[in-house]
Amino acid sequence: MNKITIIGAGRVGETTAQILAEEELCREIALMDVREGIPEGVALDILQMAPFFKFDCSINGSNDPQILRDSDLVIVTAGLPRKPGMSRSDVLEANVRIIDGVTDQIMQYAPDAMVLIVSNPVDTLTYRVAQRTGWDRNRVFGQAGVLDASRMASFIAQETGFSALDITTMVLGGHGDTMVPVPRFCTINGIPIAHFISEERIAAIMERTRQGGAEILALRKTSSAYDAPGAAVAAMVDAIVNNRRRLLSCVAMLEGEYGESDIAMGVPCVLGERGMESIVELDLNARERADFDSSASAVRADIERLRSLSLS
């Protein structure tokens, strides 16, 4: 991949840019932000890491949306962060206005790019961008399940003492309190986690996963998570850039999968050089199905709120 532009040079955007540069996942990284001097400063700071981490990609920043030109992939992290006690849905009205403006700029200056949404509430904003652009769903998708699955894997590693490298997890649904960790599809080197962890402790891990972001926000108080989110975005970018065809849970527009349509939410997706290349449908049991349907209802409630807002 030649050029990746990150819209939003806050903590998530900066961490993402740093990891992309260190792993040399493209030849040029552009940072765009409405705050004067911020994207240029972030770009310069990361660029000065190059001699230590041995990368040589170009890194630039600007307030001018023309920096989007020739982007192969646009990563959107812009938006107001939530504060302690707030849900991701609480920032919907403010962030959809920001995302609408960003989307129009992407359509104007990077009409052939793929778009990866990170801003919250990510399911609803991914839906909004997909609807506003009218682009094929392989080009517009969101990050959520990769991060949630990583959080769950880290909690399982803490619980069992096993290496996080051997732990595979799956989290579906909306990126919020109704997300659906699916322990039946979680393993430690292929062995189901139920072999090592009691049902009670699995339930506790599932709940902690749902509250993973809120836990960090409550502890930091003035900042939400950004290291793990940046790493999650980079994992998705790596899958696309290197055409790895990785099976990762991403926010995707559903067209009948899982019995849902006209909605964006987290499902297992194949990520490759064409973006979100396909969706894998899991055979959910009755409880998992009920949890997934409940999560879909929560996402639909935000979509209905979105439609009720006075937006152009």
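## First stop: the cavity

By class, three nonpolar, six polar and one charged residues line the largest cavity (Ala, Val, Leu, Ile, Met, Phe, Trp, Tyr, Cys and Pro count as nonpolar, Asp, Glu, Lys and Arg as charged, and the others, Gly among them, as polar). Before you select anything: this is a predicted model, where local features need pLDDT of at least 70, side-chain atom pairs count only at pLDDT 80 or more, and totals for chains, interfaces and linings use all residues. Residues are numbered from 1 along each chain as its sequence is written, and side-chain values use heavy atoms, with hydrogens and water left out.

Now select Ala144, Gly145, Asp148, Val171, Leu172, Gly173, Gly174, His175, Ser249 and Gly266, the lining of the largest cavity. Two elements give two or more residues to this lining, α6 (145–160) and β8 (171–172); helices (H or I, at least four residues) and strands (E, at least two) are DSSP runs, numbered from the N terminus. The space inside the largest cavity is about 30 Å³, and the structure holds one cavity of 30 Å³ or more.

How is that empty space found? Rolling a probe the size of a water molecule over the atoms shows where it is left. On a 1 Å grid over the protein atoms alone, a cavity is a set of points where a 1.4 Å probe fits but cannot get out, while a pocket is an open set with protein on both sides within 12 Å along at least five of seven lines; lining residues have an atom within 4 Å of a point. Grid points are joined across faces, edges and corners, and a volume is the space filled by probe spheres set on the points.

Which residues lie nearest the centre of the largest pocket? Select Val12, Thr77, Gly79, Leu80 and Pro81, which have that place among the 42 residues of the lining. The volume of the largest pocket is about 1000 Å³. Colour α1, α4 (92–109), α6 and α8 (212–220), the elements that give two or more residues to its lining. α4 gives the most, with five residues. Coloured by class, the lining of the largest pocket shows 18 nonpolar, 16 polar and eight charged residues.

For the second largest pocket, at about 600 Å³, centre the view on Ala149, Ser150, Ile167, Thr169 and Arg246, which lie nearest its centre in a lining of 24 residues. At least two lining residues come from each of α6, β7 (167–168), α9 and β12 (246–255), and α6 gives the most, with six. The classes here are 17 nonpolar, six polar and one charged.

## Then: helix pairs

Two packed helices are described by the angle between their axes and the distance between the axes. Axes are lines fitted to C-alpha atoms, for helices over the stretch in contact, and angles run from 0 to 180 degrees between N-to-C directions.

Start with α1 (residues 11–22) and α9 (residues 227–241), whose axes come within 8 Å and cross at roughly 45°. The two are therefore oblique to each other (under 35 degrees counts as roughly parallel, over 145 as roughly antiparallel, 65 to 115 as roughly perpendicular and the rest as oblique). The crossing of α1 and α9 is right-handed: a crossing is left-handed if the near helix is turned anticlockwise from the far one by less than a right angle, and right-handed if clockwise. Show Val12, Thr15, Thr16, Ile19 and Leu20 in α1 against Asp227, Pro229, Gly230, Ala231, Val233, Ala234 and Val237 in α9; contact means heavy atoms within 4.5 Å. That contact has eight nonpolar, three polar and one charged residues.

Move to α6 and α7 (residues 199–210), with axes that come within 9 Å and cross at roughly 140°. This crossing is right-handed. On the α6 side pick Asp148, Met152, Phe155, Ile156, Gln158 and Glu159, which meet Arg201, Ile205, Met206, Arg208 and Thr209 in α7. By class they are five nonpolar, two polar and four charged.

## Last: two backbone spots

Most residues other than glycine have a negative phi, and most peptide bonds are trans. Zoom in on asparagine 120 and proline 121: the peptide bond between them is cis, with omega near -5°. Proline 121 is in the loop between β5 (114–117) and α5 (122–133). Finish at aspartate 70, where phi is near 70°, a positive value, in the loop between β3 (58–62) and β4 (73–76).
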